[in-house]
Amino acid sequence: MKKTLLLPLFLLLINFFALAQKTDLSKLPNSFYSGKQGKMHIQGVAVDHANGFVYLSFTNKLLKMDFSGKLLGSVTGFVGHLGDLDFDAETGRIYGSLEYKNDAIGKGINKHLGVTDRVEVGFYVAVFDTKRINKIDMDAEKEDLLRTVYIKEAVVDYLAKVKVGEKEVEHRFACSGIDGVAIAPSVDNPKDRKKYLYVAYGVYGDTTRNDNDNQVILQYDLTNLDKLAAPLSQEKLHQSGPSKPTQKYFVYTGNSRYGIQNLAYDAHSGHFFAAVYRGSKSQFPNYDLFVIDGKTKSKSGFAIVNNKKVKVKTLSLLNAGPKDEKSGINGWRFKWGATGLCPLGDGYFYISHNGKSKDGQQEATIYKYKWLGSEQEAFVMVK
């Protein structure tokens with residue numbers, strides 16, 4: 001057989017097996033319960049279709065469950081903020097955001113965990129080998145199941161000081177750290193077969209600033225991140241990671257409270273779903289949910305730094321759903337998603353409803369939703 005025919009045949013076989021192994025979404029439960037999880041609330045949800053596992057991050061621990069809600073394993077011992085998650089089915093790895101910082105959020109977490117001397121700042125992508133998570137309360141540092149990658153770009157922006165008006169303030173682009181993560185193909189080069197990890201900034205919602213009305217998203221080559229990953233040491237934070245992202249994107253959404261909490265790439269639509277805690281600047285619609293158009297290449301635009309406009313690469317919001325005519329921003333009002341938003345395929349998602357039990361412990365019920373994206377509704381719950 002000619003070599004020119006081998007690649008198309010190989011790709012055809014891959015597509016065949018992918019279709020053959022496609023998950024029957026009707027067999028996934030319409031909901032399941034996390035159980036009571038102490039003082040820290042849920043941050044993210046990821047699903048391993050092939051093996052029937054679901055992963056939940058609860059700020060200072062990672063849970064591995066089956067779809068009945070049975071706890072199969074967990075990773076504990078974090079003294080930082082474990083946030084949004086995504087799962088790579090090809091490697092069996094979970095990727096999550098992990099923050100160590102000394103702002104109000106960091107101090108609040110430290111107080112809950114009894115940590116009194118945290119002064120070091122470090123933002124990481126946590127990389128879990130899910131095959132090794134086979135017991136409850138496995139130690140994040142002592143057991144060989146976790147590597148971390150230092151996200152220097154976010155740390156540099158977090159530590160920077162800039163001018164807003166006549167005042168000098170901390171945090172370039174109002175960066176409060178990182179949170180939302182999503183594995184996805186290249187936005188700008190559809191022929192690029194590499195996988196990338198998109199990492200979203202947390203963004204302070206300070207209404208007196210004029211430089212915090214964009215979401216900021218870093219793009220990294222996933223293979224390169226894996227090569228640079230190093231063991232976690234929480235007493236002495238390492239700095240093993242890429243010097244720069246492959247791309248740095250800005251998305252004009254208006255003000256939000258702590259930026260993109262959950263970022264999810266939906267392969268079915270080819271778009272990114274971004275759930276936030278709604279902002280409070282009166283000139284914006286302050287939506288809870290935005291969809292970033294993953295089929296439109298980035299454009300040249302501007303962001304404000306030190307009272308000046310600087311050129312940046314911008315991504316577009318999907319032109320769908322409600323649109324605020326004054327700001328030109330599209331989005332939806334949808335209460336849930338900021339604590340867990342996971343695409344399942346064919347327009348279905350698992351979305352976290354977080355809450356507290358009667359005895360004050362954090363808990364969550366994960367519900368199946370169908371994406372509508374209409375003028376009236378973002379999602380409808382599957383019953």
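Student: Why are the side chains of Asp 144 and Arg 132 said to meet in a salt bridge?

Tutor: Their N to O distance is 3.9 Å. A salt bridge needs a side-chain nitrogen of Lys or Arg within 4 Å of a carboxyl oxygen of Asp or Glu. The value of 3.9 Å is within 4 Å, so the pair counts. The pair links distant parts of the chain, 12 residues apart. Asp 144 sits in the loop between strand 9 (138-139) and strand 10 (146-150). Arg 132 sits in the loop between strand 8 and strand 9. Strands here are DSSP runs of E, at least two residues, and helices are runs of H or I, at least four residues, all numbered from the N terminus.

Student: What kind of model is this?

Tutor: This is a predicted model, with residues numbered from 1 along each chain as its sequence is written. Local features need pLDDT of at least 70, side-chain atom pairs count only at pLDDT 80 or more, totals for chains, interfaces and linings use all residues, and side-chain values use heavy atoms, with hydrogens and water left out.

Student: What makes Asp 144 count as partly exposed?

Tutor: Buried means under 20% relative accessible area, exposed means over 50%, and partly exposed lies in between (1.4 Å probe, protein chains only). Asp 144 has 43%, so it is partly exposed. Arg 132 has 42%, so that residue is partly exposed too.

Student: How do you know that Glu 143 forms a salt bridge with Lys 135?

Tutor: The closest N and O atoms of Glu 143 and Lys 135 are 3.7 Å apart. Glu 143 is partly exposed, at 26%. Lys 135 is partly exposed, at 46%.

Student: Are Glu 99 and Lys 101 buried or exposed?

Tutor: Glu 99 has a relative accessible area of 5%, so it is buried. Lys 101 has 4%, so it is buried as well. Their side chains meet in a salt bridge at 3.5 Å, N to O.

Student: Why can such side chains pair?

Tutor: Opposite charges can pair when the charged atoms come close. By the salt-bridge rule, the count comes to 17. Glu 153, Asp 157, Arg 172, Lys 244 and Lys 248 are linked in a network of these bridges.

Student: Which residues of helix 3 are buried?

Tutor: In helix 3 (residues 152-159), they are Glu 153, Ala 154, Val 155, Asp 157 and Tyr 158. They pack against several strands, including strand 8, strand 10 and strand 13.

Student: What makes Ile 178 buried?

Tutor: Its relative accessible area is 0%, so Ile 178 is buried. Ile 178 is found in strand 13 (residues 175-184). Contact means heavy atoms within 4.5 Å. Leaving aside neighbours within four places in sequence, Ile 178 is in contact with residues including Glu 99, Ala 154 and Tyr 201. Ile 178 and Ile 217 are 39 residues apart in sequence and 9.2 Å apart in space, C-alpha to C-alpha.

Student: How do you know that the side chain of Gln 215 makes a polar contact with the side chain of Thr 253?

Tutor: The distance is 3.1 Å. A polar contact is a pair of N or O atoms within 3.5 Å; within protein, one must be able to donate a hydrogen and the other to accept it, and residues adjacent in sequence count only if both atoms are side-chain atoms. Gln 215 lies in strand 15 (residues 214-221). At 2% relative accessible area, Gln 215 is buried. Gln 215 also touches Ile 260 and Val 276.

Student: What makes a set of residues a nonpolar core?

Tutor: The members are buried Ala, Val, Leu, Ile, Met, Phe, Trp, Tyr and Cys residues, joined through side-chain atoms within 4.5 Å. The largest core has 56 residues, and Phe 78, Phe 128 and Leu 197 have the most contacts inside it. Strand 8 (residues 122-129) gives the most to this core, with 6 residues. Apart from it lies another core, of 22 residues, among them Ile 260 and Val 276.

Student: What is the pLDDT over residues 1-21?

Tutor: pLDDT is the predictor's confidence in each residue, from 0 to 100. Over residues 1-21 pLDDT stays under 50, and the model has 3 contacts there beyond four places in sequence. For the chain, the mean is 93, and 90% of residues reach 70 or more.
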